[in-house]
Protein chains: 4
Amino acid sequence: MNTGFLNQIPREIAALDDYAAYAKNNLSAEAWAYIAGASADEYTLEYNAKAYSEIKLLNTVLTDVSHGHTQTQLLNETLAHPIITAPVAYQKLAHPDAEIATAMAAQAQDGLFVLSTLASTTIEDIVQKTQGPRWFQLYFQNTKQQTLELIQRAKAAGFSAIMVTVDSPINGLRNREQRSGFSLPAGVAAVNCQQVLTPNPIKQGESQVFQGFMSKAPSWQDIEWLMKNTDLPVLIKGIINPKDAQKAQQIGASGIVVSNHGGRTLDTLPSPIEVLPQIAAITDYKLPLIVDSGIRRGSDIFKAIALGASAVMIGRPIFYALATAGALGVAHAIRLLRDELELTMALCGCATLADISQDAIWQK
Amino acid sequence: MNTGFLNQIPREIAALDDYAAYAKNNLSAEAWAYIAGASADEYTLEYNAKAYSEIKLLNTVLTDVSHGHTQTQLLNETLAHPIITAPVAYQKLAHPDAEIATAMAAQAQDGLFVLSTLASTTIEDIVQKTQGPRWFQLYFQNTKQQTLELIQRAKAAGFSAIMVTVDSPINGLRNREQRSGFSLPAGVAAVNCQQVLTPNPIKQGESQVFQGFMSKAPSWQDIEWLMKNTDLPVLIKGIINPKDAQKAQQIGASGIVVSNHGGRTLDTLPSPIEVLPQIAAITDYKLPLIVDSGIRRGSDIFKAIALGASAVMIGRPIFYALATAGALGVAHAIRLLRDELELTMALCGCATLADISQDAIWQK
Amino acid sequence: MNTGFLNQIPREIAALDDYAAYAKNNLSAEAWAYIAGASADEYTLEYNAKAYSEIKLLNTVLTDVSHGHTQTQLLNETLAHPIITAPVAYQKLAHPDAEIATAMAAQAQDGLFVLSTLASTTIEDIVQKTQGPRWFQLYFQNTKQQTLELIQRAKAAGFSAIMVTVDSPINGLRNREQRSGFSLPAGVAAVNCQQVLTPNPIKQGESQVFQGFMSKAPSWQDIEWLMKNTDLPVLIKGIINPKDAQKAQQIGASGIVVSNHGGRTLDTLPSPIEVLPQIAAITDYKLPLIVDSGIRRGSDIFKAIALGASAVMIGRPIFYALATAGALGVAHAIRLLRDELELTMALCGCATLADISQDAIWQK
Amino acid sequence: MNTGFLNQIPREIAALDDYAAYAKNNLSAEAWAYIAGASADEYTLEYNAKAYSEIKLLNTVLTDVSHGHTQTQLLNETLAHPIITAPVAYQKLAHPDAEIATAMAAQAQDGLFVLSTLASTTIEDIVQKTQGPRWFQLYFQNTKQQTLELIQRAKAAGFSAIMVTVDSPINGLRNREQRSGFSLPAGVAAVNCQQVLTPNPIKQGESQVFQGFMSKAPSWQDIEWLMKNTDLPVLIKGIINPKDAQKAQQIGASGIVVSNHGGRTLDTLPSPIEVLPQIAAITDYKLPLIVDSGIRRGSDIFKAIALGASAVMIGRPIFYALATAGALGVAHAIRLLRDELELTMALCGCATLADISQDAIWQK
């Protein structure tokens, strides 16, 4: 098949995973390797999906949920549902409308949109062409000054929170991407950044990893600096280790994203859903926890919430839907997830997100 | 192969699972997707079979079982064996003789037949053309009046118990079926229902799931209403959660069907055999428990009984046998199961169903 | 390939499992289904091999085993090694030399040979043409008189023990065999039996399993009768349940064969190696335990002995070697196993079978 | 593809495992069976890789590792990193430059090189053509005198430690190699040995394993003799059993190599990484532990160190890289591993090897 972009969603796309084959067809082999691939042997990529399927639900029958809804309060936003589009970089690889299409789709489906520092669309374009709640994902720039300018620009444009990514101070070992020879094609770039991020120059005998990249990596002090230099809430993205979650809470983070970056940084990390219960417990069930990496079904969202999440983010599937049918695809993907979440809630006797608890998880 | 309906059972059909390939061949691709498919990623469909195969038996040798039999008392019926044909909907999809053929086969094999509310044969036709013990499976109708009329018609026709289904107030996420584009072909309909079941109309901003479907879903109160409005015993079908089983017992249900609806409602539910021991314990080993979803072997029946079941229901395999060879196929399928059950009992030293206990299950 | 019988063993046959492909090629599809197949879905067949591979060894280095040997005392026999050829029925299916070839190979390799009641060679032929230690496997006959005559004939012919099979009073559910349409070809028969074993005739409403076959099945009383009517040692073959093992010891059995009949009787029975530790414990480590069903490697023999076995029996692989290269194949197969056993012992620092203990099994 | 030896490393070789296909292409089928094969059913070969992938890491974010390095002290050597090339025999099978190329690559990458007793290059050639730290792997020779001469020659040539192999006093059951008919081709030989190692001649009724090979096998006394007859540190290679590790420490070994010989000796041994924690504990975290058999990623090295290792050895992948691109390939392979190790350390917040602990391993 060579579909081109679809103008309507065929019945064969009945679930998020159905988008992958269409997207693969619309992407170059290199771009597919870049987006579909993950770190090293891709074990974590595999765990991410498998971990959800191994959690069994316990339904509850004959309960009145006719007053049900999926509404939730997340920091400063009242959301119709807890489904957030993740800050996937370089969405122009998928579709010419790129991040504009994703933001429009999120808006149309009453969802929250997060723009990547590595977006291929300018902050100003997003603002001109779309509305709806939006947050800004931050990578620290080459200088603090550049970082400050970036978040100030985002704030000026109405982004209402900063989600700073901390799990990839250095590129993951993305072997599939390396083997493919992928590089950004002409016309796709991180248009909001003044400079490409570069490692420190190293001397003979020094390490490109330690002295090159890691000497520019942000530290806990830098996060505290960031929090002092913005009045927007700051969420920390990319935490798996419960001790890191605890530290984030201690320094006053507004929330964290429990994430292994879709398996793209360090291979053989556990799935976020595996570590979530420990993270929820160590932060005393008080820190807003957003979960990504492996959510493919409304029932996965239900499970994440049952185990302590406040909301979820969706990455690759959004990119695949975008590559298949632009804004229409992304809107459809969000709607599918929301419908599936509502169905799961209904069959488990939960009228609201607050009703979802560990009681709905089967324990042998 | 294109077999058409068989007039005799070939030696290649030596076990229930052997019917599937023949049935697939006799059905349209869409009908096959409808009946063989299950919810979402079909994990529960897979667990259903796998869970039985992972339970290991412990045989017992040199025991006298020459007086053995499989007879059992179930509510108001004395049955020659504990194998019940499940209330599979729309059996006309499988064979023109439809529910008549299944009822005749059950009767010929001394089995109990259950008619679905969504049967493609009228209650009156069943009565005219078949005999033998029969129960009626109930879906709540659009109005209580319609529900009452339906169960009164069933009672008048000699159905001796009502089995009310509670686990599917809304359609499961049957992606395989959706992708196939299945719809009921001309000539196949729920001929005993006055109206198609429809959701409530919803307003802007409301949810089709919560305000549409679930506001018409039955509640525990409705089950109690049903029990007051019939003098037939009422069994509740579709319970997985031990707490629901306990509640069913408390309101006076005559029995329950421990079932995940063949994996067709909510994906990643556990197999009934996984939850059965907890359900048997919480109901104090006193509530008749019928188990379905995944029984494919006489040894599976044996295991279900060892873990607390009183009887079992067989769904898809009956449909497949019907689609392969009509009443002959169904009768053969029931006979296969009964023979396998007797063989398992004999090799485990159990002369009667009452002799089957957890002692026959291998514990590491 | 169509090999015919081989006159020398090619280097491609480096392990027991390598014989299967050669044997399959030399057998009819029906005979292959009969011998390679097992009960129902063949789960137990699969466990039998897998259970050994999942037990991990712990080697021991730098130990002097230069005085090592595999000699063992088993009842009335001093054996050079603990490898026994199992009483596989109808060996004429594999090779015209049949049981004669197997017995000659066992003798050439200093092994113990067991003749099946269902042998396709007469007891007298075995005696005329072969020597070496031999035991007789007994199935109870249609009458006690016939049974007595059979064991008296065996004793007269120099068979030094009776191994009575108790786990298959009725044929297993051998679906693969049934689908193939297998029946014994002309010229292959149970030549030592006066009559084919037949079930009791049954009346209307009775069960072929319970009233037909099982009313002729032997009981513990029959085993005691057997022990009273022979002065040969009696071993009971086909025990998996530790309670049965205990009972066998209590009535004075000389030993038992821990076996699931190669997975041919009741599917989903555990592997003998799984139950062996419990059986060894419940019989106080005093009853000779022979293990079969799944032994394919010398390291498997080592593991069985480490977990409580005195000796092992080899079934299908012996048949496959016979079907490949007659007596030469069987002798080679026994030698392979013995060499592998010695190698395992040497690398685990065990000079004798008595040195093999649970210390050589890796525990996490 | 038929590559011949590569002069540059293509982007398709992004990880160690990528070398295997290139190497297979450059080797005869027999040589491939020899090097890629392992013992018996190759279960241990499979565990070796799988065991690492099943250990999950726990990253740590926002930690300053800009001063990081991989330097370590191992016995008498200060190493830039803990990656040692294993003493793989007969490297001329892979490439005409053989052990010279491997030693040069190790030197270029600041690594430690170990020469096998069964090297296809003379000790003197290594010394003339390469520099850098090197150890000598010892197999006991036919006589103590020959053994002494060998280690004295090694010492004279600047090898700074003796690594004596103790887990293969007899050839493993290398079925894949046997089936292939592999033998050393002309021009490839153990050029440093005076005689081929031969078993003792045996008498009628004796065992080739016990009286043939094992009567020439070294014992703990022989290791003590060795330690008395050299002033070089002696490491014992091939220990899996914690009790053997303890004994090695008690007799004063300078270190051990926790190894199952790449799965080439006794099948179904556990992976070294499985036994490592017990070995580290029983030797009180004081004995230098080198781990091999299954290391394929820098993250595997990280895991080994976290669980108690001081350094690691790389066997087959080095051979494959050599067979693909000579010294260039080996150097690239070592660099890949070191880069991956540094990346793993950086993402886990470990600046030095001493910072790596069990805290970086995910425990459910």
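A salt bridge is here a side-chain nitrogen of Lys or Arg within 4 Å of a carboxyl oxygen of Asp or Glu. By that rule, the interface of chain A and chain B has three salt bridges.

## Basis

This is a predicted model, in which local features need pLDDT of at least 70 and side-chain atom pairs count only at pLDDT 80 or more, while totals for chains, interfaces and linings use all residues. Residues are numbered from 1 along each chain as its sequence is written, chains are lettered from A in the order in which they are written, and side-chain values use heavy atoms, with hydrogens and water left out.

## Chain A against chain B

Contact (heavy atoms within 4.5 Å) links 38 residues of chain A with 42 residues of chain B. The two chains bury about 3,200 Å² between them, 59% of it on carbon and sulfur atoms; buried area is the accessible area (1.4 Å probe) that two parts lose on being put together, summed over both.

One salt bridge joins B:Glu274 to A:Lys56, with the closest N and O atoms 2.8 Å apart. There are also 18 residue pairs in polar contact between chain A and chain B, both residues at pLDDT 80 or more. A polar contact is a pair of N or O atoms within 3.5 Å; within protein, one must be able to donate a hydrogen and the other to accept it, and residues adjacent in sequence count only if both atoms are side-chain atoms.

On the side of chain A that touches chain B, helix α13 (residues 316-347) gives the most, with eight residues. Helices (H or I, at least four residues) and strands (E, at least two) are DSSP runs, numbered from the N terminus. By class, this side of chain A has 16 nonpolar, 10 polar and 12 charged residues. Ala, Val, Leu, Ile, Met, Phe, Trp, Tyr, Cys and Pro count as nonpolar, Asp, Glu, Lys and Arg as charged, and the others, Gly among them, as polar.

## Chain C against chain B

Here 42 residues of chain C are in contact with 38 residues of chain B. Of the area that chain C buries against chain B, 22% comes from C:Arg179, C:Phe210 and C:Leu266, more than from any other three residues.

Chain C and chain B have three salt bridges. In one of them, C:Arg179 meets B:Asp18 at 3.0 Å, N to O. Elements that each supply at least two residues to the side of chain C that touches chain B include α3 (43-53), α7 (175-180) and β7 (234-239). The most come from α7(C), with four residues. That side of chain C divides into 20 nonpolar, 15 polar and seven charged residues.
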